[in-house]
Structure formats: structure tokens, C-alpha cells
Amino acid sequence: MALTPLTCHACGGHAAVVRAAQTTCRYCGAAVPIPPEYLAAAQQLEQHEALRRAVEPKWRRLAKPTSSTLDWVAVAASFCLPPLASAVVAWFADPTPTPLVGVTLVTIPAIIPGALLSVWTFGSRATGLNLAAQLVAGPPERPGGDPSCRGCGAPLPASPGALAATCLYCRTDSLLTGSAARDASWQVSSRSRTLREALSVWRIRVLLLVMGSAGTAGLLLLLAGVLLVTYALSG
Ligand SMILES: [Zn+2]
Ligand SMILES: [Zn+2]
């Protein structure tokens, strides 16, 4: 039979299960004995926790925010490169290219680096924030309590500095970092039960982002090529 969240006999609040004979209620301080079946479940949880811990460093690496310098470089490249490239070509090219040739061979290609960098920096950050918001733990049942599982609402024993916790009852991983843990209105449901699954989703989204950016760059170059061929044929 599935276990129901352990409650304190004194105040009725949820009590987090620890691997010990008893725990202390976060709300009233009463000693709550841990029944054997909860202890057994806590032992079984260890392998799920080990799987989660194995992917946590990868998650931390992905979740590391891109530097704001990169944002400025992307914006500067988007606005400055096209006119700069056009000016350099107009200055050095002899004879000066016609406006159409200038746009197709200089301006459009010069847009690409800034545009790609912008898509990458802003897109990858938005993807990460969106996914992290979906995985974050729920608020405590009562003020001062442990954060709750995003899957079933059971309390998660929070260890200081931990990135995530695995629920004893439904084996869902919840992120313990971020302000969303204190605000239920932030919560967005996720289909990924574990951090490992969420990491795969993240990788696929980043891959799609890269493919989309490369596709956009390809389309821009194709457009430039078509304009140029049209011009050459008409001339
Ligand atoms: Zn209590
Ligand atoms: Zn749960």
C-alpha cells in the first residue's frame, strides 16, 4: 500500500522522514517516531537519490547563467556590425558596390553573428529559467516548514545547500533553489519526474535552439544568394 505523508501526532503537521528512529516536528517541536515501513522506504530512496546526485553537477553547469558581458556583445554586434561592414566595404572596395550587392554580400552576412549570439544568450537563458521554474519545490505546508514536493505536496527534508530533493512518496525530484519555492503562483507543472529526465528535455531544447539559429542563418544567406543571382541575371 502506498504510504501517506507522515504527520505529527501532536499538531497534525507534515513531518519529514529521516533515516533515524525519530524526527522533530518543524512546527511544534514534538518528537515524531518514524514507523518501520517509512524507514524502509527511506532506505529504498537512496538509489533514486544517488541517480539524482549523479546528474546534479550537469544541471548546475547548464543552469549557470551566461554572463551579462555576452548580452552586451550580442546587442553591440547586432547594431554595429552591419553599418561598420558596409562602411568598410564602401571605403575600400573599388568600384563601390551597388546598394543591392552591398546589402546581399555585406549587410545581411554582417547581421548573422550578432543575431546568432542574441538568440543563443537570451534563448538559452529563457529555456533554463522556464525549465527550472517547472521543477521547483512547492511552498511549505505552513510557514517555517520544509518545502513540499512539486508532485504530491509531501514535505521534502531539506539539507542546507542542496540543489534538489527526491520525494519519499512519489519519487519526484524537486529543485530547492530559487525564489519560486516560496511562491506557489510560480509553479508550472512539468512532465519530467526526475532531474535526469528534465536534463534530457533541456538538452533537446538547447539542441533545437542551436538548429533553429543555424537554420535562420542559412535562410538569411540563401536570401542574400537569391537576391544576388536575381541581380546578376537581370544585369
Ligand atoms: Zn507537530
Ligand atoms: Zn511527492
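Start by selecting C8: its relative accessibility is 3%, so C8 counts as buried (under 20% relative accessible area is buried, over 50% exposed and in between partly exposed, with a 1.4 Å probe and protein chains only). Before moving on, note that this is a predicted model, where local features need pLDDT of at least 70, side-chain atom pairs count only at pLDDT 80 or more, and totals for chains, interfaces and linings use all residues. Residues are numbered from 1 along each chain as its sequence is written, chains are lettered from A and ligands numbered from 1 in the order in which they are written, and side-chain values use heavy atoms, with hydrogens and water left out.

Next, show the zinc ion (ligand 1). The SG atoms of C8, C11, C25 and C28 coordinate the zinc ion at 2.2 to 2.3 Å (donors are N, O and S atoms within 2.8 Å of the metal, or 3.2 Å for Na, K and Ca; water is not among the atoms, so sites may look incomplete). Along the chain, these donors of the zinc ion follow the spacing C-x2-C-x13-C-x2-C.

Now click on C28. At 40% relative accessibility, C28 counts as partly exposed.

Then select helix α3 (residues 99–135) and helix α4 (residues 195–234), whose axes come within 10 Å and cross at roughly 165° (helices are DSSP runs of H or I, at least four residues, numbered from the N terminus; axes are lines fitted to C-alpha atoms over the stretch in contact, with angles from 0 to 180 degrees between N-to-C directions). The two helices, α3 and α4, are therefore roughly antiparallel (angles over 145 degrees).

Methods: Parallel < 35°, antiparallel > 145°, perpendicular 65-115°, else oblique.
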